[in-house]
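Please read them with the structure open.

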Amino acid sequence: MVVGGNKVRVRQYPWGTVEIENEAHCDFVKLREMMIRTNMEDLREKTHSVHYERYRQKRLVEMGLSDVTADNKPVSLQETYEQKRLEHVREMQAKEERMRQMFVQKVKDKEGELKAAEQKLHDEFERLRRQNSEEKRQLDDKKRQLDEEINLFTKKKAAVQAQRAQTERDQLAKKMPPPKKP
């Protein structure tokens with residue numbers, strides 16, 4: 001509620017309104033001061049010994065640590081921390097070793113795949129090389145045969161032309177009168 005331009009705490013009753021902070025209306029301020037002054041140290045101690053310790057133990061348990069053994073004997077937090085750190089280091093080393101082995105295995109697998117692919121390419125190359133040399137041999141044979149046929153054809157052509165020339169000479173000789181003697 002706003003009284004005189006300031007917000008104040010009030011309580012509404014059927015007979016009227018009581019301002020809590022106004023000492024003329026209420027003893028709340030005196031009661032609050034007395035409770036805080038007389039019980040402050042107790043409140044601090046209780047907060048530390050009960051609430052904080054409960055919170056601390058809960059957090060330690062959540063982190064996997066404990067400041068007491070199973071039979072409630074105190075344990076050095078440093079020792080517990082060191083044990084947990086060593087466990088963590090061992091776990092990390094084991095994990096690293098597993099990852100290293102997995103990496104080595106993957107590398108070996110990949111090398112095997114690459115060697116198989118290389119062998120396949122090499123085999124294909126050798127097959128194509130043999131096929132090429134066979135085709136070349138066949139072409140050389142065909143070329144030799146064609147060269148022989150060309151030579152034979154050239155000889156036959158020359159013989160036919162020589163025969164035709166002889167025939168033409170013979171025909172010309174028959175048609176021509178014998179040469180006159182001078």
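1. Start with the surface. This is a predicted model, and in it Leu31, Met34 and Met35 form a nonpolar patch. Together these three residues have about 290 Å² of accessible area.

2. Met34 sits in helix α1, which covers residues 28–62. Is Met34 buried, exposed or partly exposed? Its relative accessibility is 44%, so Met34 counts as partly exposed. The cut-offs matter here: buried means under 20%, exposed means over 50%, and partly exposed lies in between.

3. Next, the aromatic rings. How many aromatic pairs are there? The count is two, with ring centres required to lie within 6.5 Å. One of them is Tyr13 with Trp15: the ring centres are 4.8 Å apart and the planes meet at 5°, so this pair is stacked. Planes under 30 degrees apart count as stacked.

4. Trp15 has a relative accessible area of 70%, so Trp15 is exposed.

5. Tyr52 and Tyr55 also pair. Their ring centres are 6.5 Å apart and their planes are at 40°, which makes the pair tilted. Why are Tyr52 and Tyr55 separated by about one helical turn? Because they are three residues apart in helix α1. Tyr52 is partly exposed, because its relative accessibility is 40%.

6. Now the fold as a whole. The protein chain has two helices and four strands. Reading from the N terminus, the order is β-β-β-β-α-α.

7. Check the overall dimensions. The radius of gyration of the protein chain is 59 Å, whereas a compact globule of 182 residues would have one near 16 Å. Along the principal axes, the C-alpha atoms fill a box of roughly 185 × 60 × 30 Å.

8. Of the 182 residues in the protein chain, 4% count as buried. What share of the contacts with a separation of 6 or more comes from residues 24 or more positions apart? The share is 0%.

9. Last, the total surface. The protein chain exposes about 17200 Å². Carbon and sulfur atoms supply 56% of that area.

Methods: Residues numbered from 1 in each chain as written. Predicted model: local features only at pLDDT ≥ 70, side-chain atom pairs only at ≥ 80, totals over all residues. Heavy atoms only, no water. Patch = residues over 30% accessible without salt bridge, like charges linked within 9 Å, V, L, I, M, F, W, Y side chains within 5 Å. Areas by Shrake-Rupley, 256 points an atom, 1.4 Å probe, with all protein chains shown as cover. Salt bridge = Lys/Arg side-chain N within 4 Å of Asp/Glu carboxyl O. Buried < 20%, exposed > 50% of the residue type's maximum accessible area, 1.4 Å probe, protein only. Phe/Tyr/Trp six-rings, centres within 6.5 Å; stacked < 30°, edge-to-face > 60°. Rg over C-alpha atoms; globule rule 2.2 N^0.38 Å. Contact = heavy atoms within 4.5 Å.
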